[in-house]
Amino acid sequence: MKNDQTDSDNDETQSVETNGNFTRKSSTAVCFLAAVFYGVISGSIAFVNKAVMTTYAFPHPIVLVLIQMILTLLILRLLHYFGFITLTTYTVENGKKLLLPALCYAINTTFAISALTDLNIPMYTVMKRLGLLMNLILSIIILSKIPSMMVCFSIVLIIAGCIVAGIHDLSSHVFGYINALISVVSQSIYLTLVERTGASTEFSTSSILYLNTVNCLPFQLMIALITGDIRKASMYPRLHDWRFQMAFFSAAGMGCLLNYSLFLCTTVNSAVTTSIVGVIKGLVTTIIGFFTFGGVPATAFTVAGVSINTIGALLYAYAKYSDKMANKPNSSGNNKV
């Protein structure tokens, strides 16, 4: 989760983790490994999900997300049991505070996986970067944060790249683009509401993830039953194929690890570091995506659009870093996005 309120001031040798669960000094090695862990998991999950949805033709993203939620709860409870994290007790009152974020979280995860069915990984990465625009708009409206000019310009480049890259094949992958846009909008609303909830309540990042998952699970289960996805998934012809099982549970497990690795990277480093790692990850996955799962036709529109979009993402990372450094002495009054 991108959670700006967990930003910590880093120097070259250590950072202080203050996520509401515990406070400790983290060595440079721990900070570096947390960033690498997040980058590897975040970059790999798109390929694993793509393999499940296309290579193995498993057409039930609702079931995949349902299993991810169950595993997330199990992992969080185990971490809580062994004392690594402290989770807020779920109550009806706490659940109500996070009901809307939970709904957006469920919509985001389901439609994000669905989008991968129709879109290649480079275009999927390009479309997901539109979340920066939604985050910008919602931060201004809901959080009253004022963006810098460089942030605004970088987002203009990102949007231009999306338009250029997608204009040549929009008609043939229209449902993939629609699913990606729904995912982007719901994720941005989710992150903004989580940031506001975390800033206005005593909930830690891990507790927000836990409460969200508990809220989502009954709805996801109900949708899976109503749509018949559980029954259909049980009749999937390759259900007992050990290679499919490995891919499926890898995707489910990595969905859990993604949330935790994002939380870990943000707390031992900062939200800005997490954003920069995300940009680097996006660049690597875009390049690899051109040569995997059948490859991507290197048309002038595709190459130009992806290049413009990537330049915008790199500029965005630099702008966020510059804003962080400029406002570091007055972090308590920081009003930048």
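Is Cys 216 buried or exposed? I found Cys 216 buried, with a relative accessible area of 2%. My cut-offs here are under 20% relative accessible area for buried, over 50% for exposed, and partly exposed in between, using a 1.4 Å probe and protein chains only.

**Ground rules.** This is a predicted model, where local features need pLDDT of at least 70, side-chain atom pairs count only at pLDDT 80 or more, and totals for chains, interfaces and linings use all residues. Residues are numbered from 1 along each chain as its sequence is written, and side-chain values use heavy atoms, with hydrogens and water left out.

**Cysteines.** I went looking for disulfides and got zero. A disulfide is a covalent bond between the sulfur atoms of two cysteines; the test I used is a pair of cysteine sulfur atoms within 2.5 Å.

**Whole chain.** I noted 13 helices and two strands, taken as DSSP runs numbered from the N terminus (helices H or I, at least four residues; strands E, at least two). The chain has 337 residues, and 52% of them are buried. Its accessible surface comes to about 15400 Å², with 70% belonging to carbon and sulfur atoms; areas are from the Shrake-Rupley method with a 1.4 Å probe, and for residues only the protein chains shown count as cover. I then looked at contacts (heavy atoms within 4.5 Å). Of those with a separation of 6 or more, 83% are between residues 24 or more positions apart.

**Cores.** By nonpolar core I mean buried Ala, Val, Leu, Ile, Met, Phe, Trp, Tyr and Cys residues joined through side-chain atoms within 4.5 Å. The largest has 37 residues, and Val 52, Phe 58, Phe 244 and Phe 248 have the most contacts inside it. Helices H1 (28-55), H2 (61-81), H4 (99-118), H9 and H11 (242-268) each put in at least two residues. H2 gives the largest share, seven residues.

**Ser 207.** I found Ser 207 in helix H9 (residues 205-226), buried at 1% relative accessibility. What does Ser 207 touch, not counting residues up to four places away in sequence? The list is Thr 86, Leu 87 and Thr 88. For Thr 88, the backbone nitrogen lies 3.0 Å from a polar atom of the Ser 207 side chain.

**Salt bridges.** I counted two, taking a side-chain nitrogen of Lys or Arg within 4 Å of a carboxyl oxygen of Asp or Glu. Asp 241 pairs with Arg 238 at 3.1 Å, N to O, and with Arg 243 at 3.4 Å, N to O. Asp 241 is buried at 14%, while Arg 238 is partly exposed at 31% and Arg 243 is partly exposed at 44%. Shared partners join Arg 238, Asp 241 and Arg 243 into one network.

Technical notes
Polar contact = N/O pair within 3.5 Å; in protein donor to acceptor, adjacent residues only side chain to side chain.
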